Amino acid sequence: MEIVEDTLGVPIATFLARPLFAHIATASPDGPRDSPVWFLYDEESETVWIDADRASNTFTDRIDDDNRVAVGVVDSEPARGLIQHVGVRGTATLEPFDAERAERLYAKYLGTGRETWDDRFRTYIEQPPESATLVRVTPETVVARDQSYRPAPTY
């Protein structure tokens, strides 16, 4: 993984551990497509994991056709002037569903107590459908930027 630019001010892994939405961009015959997703960054392997379902996520078909992807993660709080961004370009593969990895991904957004989760997430882990899959994004290049600014005072 080549880090092209890093002005983030915190380790990239620390930023990616936040429960932020990512967007995965894929190619299609009709032009690029962008899908908001939950993700898990695995610092050890330097990979991004995205929860997916072949029955309901069309980006899985696009990855089958062209595995070049981009993933963008933004943290923005205009009242504080916060704008931080990590952009990843790389290749994606569709991997078999791994309930343990998916549980770690869901816990990032829902908390560690699976018993408190909405039923659809708990059931998905306990009884995944045949269409369940995970997308593994292997970064080739990464750009990490802090583009924060001093916000205007509010009156």
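1. A quick term to start: a nonpolar core is a set of buried Ala, Val, Leu, Ile, Met, Phe, Trp, Tyr and Cys residues joined through side-chain atoms within 4.5 Å, where buried means under 20% relative accessible area, exposed over 50% and partly exposed in between (1.4 Å probe, protein chains only). The largest such core here has 41 residues, and those touching the most other members are Ile 24, Phe 39, Ile 50, Val 86, Val 135 and Val 137. Strand 8 (residues 132–146) is its biggest contributor, giving six residues; strands (E, at least two residues) and helices (H or I, at least four) are DSSP runs numbered from the N terminus.

2. Before going on, note that this is a predicted model, with local features needing pLDDT of at least 70 and side-chain atom pairs counting only at pLDDT 80 or more, while totals for chains, interfaces and linings use all residues. Numbering runs from 1 along each chain as its sequence is written, and side-chain values use heavy atoms, leaving out hydrogens and water.

3. Have a look at Ile 24. Setting aside neighbours within four places in sequence, its contacts (heavy atoms within 4.5 Å) include Ile 50, Phe 59, Val 135 and Val 137, and also Arg 33 and Asp 34.

4. Then there's Arg 101, in helix 3 (residues 99–110). Arg 101 counts as buried because its relative accessibility is 18%. Beyond residues up to four places away in sequence, Arg 101 touches Leu 40, Asp 42, Trp 49 and Leu 134.
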